[in-house]
Amino acid sequence: MRKSFWIGILALSLPVAALAQSAADTITAARKALGDVKSVTYSGSARDVSFQQCGGNASAVICHGTHDPMRPITNYVRVIDLAAPASRHAGNTMNLGPGGSTTIAAGTFFQQVTPQQADVSQPWAQSLEFYLTPWGFLKGAAENGATVSRRKADGKNVTVLSWSPKVKAPSGRNYTINAYLGDDQLVQKVETWLGDNIMGDMHIVATYSGWRDFDGARVPTEIAQTRGGWPFFAAEVSAARGNPQELTTLAPEPPRPAGAPGAGPGPGAGATPPPMVVTTEKLGDGLYRLTTGAGSYDSMLVEFKSYLMVLEGGQSEARSLAYIAEVKKLVPGKAIRYVMNTHPHSDHTGGLPAYVAEGATIITQRNNVEFLERALNTPRTLLTDTLARNPKRAKVEAVDEKKAYSDGTRTVELHHIFPAPHSNGLLVAYIPKEKVLFQGDFSLPAAGQPANDHVKALVPALEKLGLTDFDRYINVHASTAPQNKAELWRAVGKAL
């Protein structure tokens, strides 16, 4: 009887032990397939982009869509140090000029994951770029109790290694990172998820292909990363080495100007942001500007007979919640039916989830519809924000070139501004009764300074649309004083 009992216990434990051994064997085989290196460097060319924007270059200074075009990086070098652990990559790039200029200027690309950031008990957003690499993933898998399974991906049988960092998501859930290995034990894809206020449980995928034997290592020649399904980074590798001797001097960090992050304390370092206090400016019956003063992202409230429309829900959840509360004080009892989005950049979409939770329909230019529908209808299991706590399906309404909303007494016209270098999905709002033009990123220059290329693009677009009968000129980025059409025309060298 006792013998049978212990045989049964042993039989139950065997699958678990075999599974653990299988994961360990898989990691060992994958490391061997990569050359079993302690460090690796590779170089070539690359492309990147600021999330939700696009990167200018000499041949494409106009944004064609989300992350299109990407910014080119030449003399690209990456080093991955498994002992530290750390990674760095650097190169030469091209930046758009300051203040909205489309003039191309030389710049430097540099990103790193320090040993402190690579600690898997620290925020996942800081460390995941290290663990998305095949070498970093396998190190994390070996140290964090990876599991292994077999499944089909893209019609092929693959081995999948999975593990979780020690740090938890804000919701308390575990993060997960998976690697897909082919029969040759080479990593084909690494994926993870990160909570993002617009993208929800944002799917981050790095794919690796064209593996080649280089000097002491096997390295992919094609690398591509997507975030939320949109291109984010890509590299073409032409040279690589395993265990480089000059490890510490590869991809060095460029000098940082005084006051820059990591360069020591600058003015106002450690200061706590002042509390957000909303004030309103009444522009007409049922028409208000909402602001928090200097540095504000302003919105406008338009009251219709049976509903409300808010123009712009930008920057952050905190700002949108503050504005929504103010709207309910100004016009109690009426629902916010619409929130208009001037364009899809992250600082102009950050507050949209709060409006979705209110049941509002997002109005945006048609070029932005796919992005916002996909992003805001992604599960939010990693987050604890308003939309995660009160999940609703985002409703998005498209504007092609022009659309007017009217109830017979109040009218708001929405117009597409194109071509413009800043975005291919820019909308401005025109309120004819009070002759107000409301817009997102066409900021007027300081006194004595020239207008940037975005403002220069706006005026001819307004003239083409016949949209010139306005007095007040309101920017989402709060101006220090009320602005008007005369100032806009003067900024681009035109007389009224």
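Guide: A residue is called buried under 20% relative accessible area, exposed over 50% and partly exposed in between, with a 1.4 Å probe and protein chains only. Of the 496 residues of the protein chain, 51% count as buried. The model is predicted, so to speak of local features requires pLDDT of at least 70 and side-chain atom pairs count only at pLDDT 80 or more, while totals for chains, interfaces and linings use all residues. Residues are numbered from 1 along each chain as its sequence is written, and side-chain values use heavy atoms, with hydrogens and water left out.

Visitor: How many helices and strands does the protein chain have?

Guide: Helices (H or I, at least four residues) and strands (E, at least two) are DSSP runs, numbered from the N terminus. The protein chain has nine helices and 24 strands. Its C-alpha trace spans about 90 × 60 × 45 Å along the principal axes.

Visitor: Which residues of the largest nonpolar core touch the most other members?

Guide: In soluble globular proteins, nonpolar side chains tend to be buried together. A nonpolar core is a set of buried Ala, Val, Leu, Ile, Met, Phe, Trp, Tyr and Cys residues joined through side-chain atoms within 4.5 Å. The largest one here has 89 residues, and those touching the most other members are Y42, W124, W135, F137, L161, W163 and V219. Strand β11 (residues 230–242) supplies the largest share of this core, six residues. Another core, of 23 residues, lies apart from it and includes Y297, F304, V399 and A429.

Visitor: What does F137 touch?

Guide: Contact means heavy atoms within 4.5 Å. Leaving out residues up to four places away in sequence, F137 touches F130, Y131, L161, S162, W163, I177, N178, A179 and V190.

Visitor: Where does W163 find its bridge partner in β7?

Guide: Two strands pair if DSSP finds at least two bridges between them. Strand β6 (residues 156–163) and strand β7 (residues 177–181) pair in the antiparallel sense over five bridges, and I177 is the partner of W163 in β7. Strand β5 (residues 147–153) also pairs with β6 in the antiparallel sense, over seven bridges; there K152 stands opposite N157. β5 and β6 form a hairpin with two residues between them, and D154 in the turn has a positive phi of about 55°.

Visitor: Why is β6 described as largely enclosed by the rest of the structure?

Guide: The description applies because six of the eight residues of β6 are buried.

Visitor: In what order do the strands of the seven-stranded open sheet lie?

Guide: The order is β12-β13-β14-β15-β16-β17-β18, with mixed pairing. The edge strands, β12 (279–284) and β18 (395–399), each pair on one side only. Neighbouring strands are turned by 25° against each other on average, direction ignored. β12 and strand β13 (residues 287–291) run antiparallel and are joined by five bridges; one of the residues involved is K282, whose partner in β13 is Y288.

Visitor: Which helices pack on this sheet?

Guide: For such angles, axes are lines fitted to C-alpha atoms, for helices over the stretch in contact, and the angles run from 0 to 180 degrees between N-to-C directions. Helix α4 (residues 317–330) touches β12, β13, β14 (299–303), β15 (308–311) and β16, and its direction makes about 150° with that of β13. Helix α6 (residues 369–376) touches β17 (361–365) and β18, and its direction makes about 150° with that of β17.

Visitor: Is T349 buried or exposed?

Guide: T349 counts as buried because its relative accessibility is 0%. T349 is placed in the loop between β16 (336–340) and α5 (352–358). Its contacts, not counting residues up to four places away in sequence, are Q52, I198, G313, G314, N341, H343, P344 and L372. S346 lies in the loop between β16 and α5 and is partly exposed, with a relative accessible area of 31%. With that same exclusion, S346 touches F51 and Q52.

Visitor: Which cysteines form the disulfide?

Guide: A disulfide is a covalent bond between the sulfur atoms of two cysteines. Here a pair of cysteine sulfur atoms within 2.5 Å counts as one. The structure holds one disulfide, formed by C54 and C63 with their sulfur atoms 1.6 Å apart. The torsion about the S-S bond is about -55°, so this disulfide is left-handed. Both C54 and C63 are buried.
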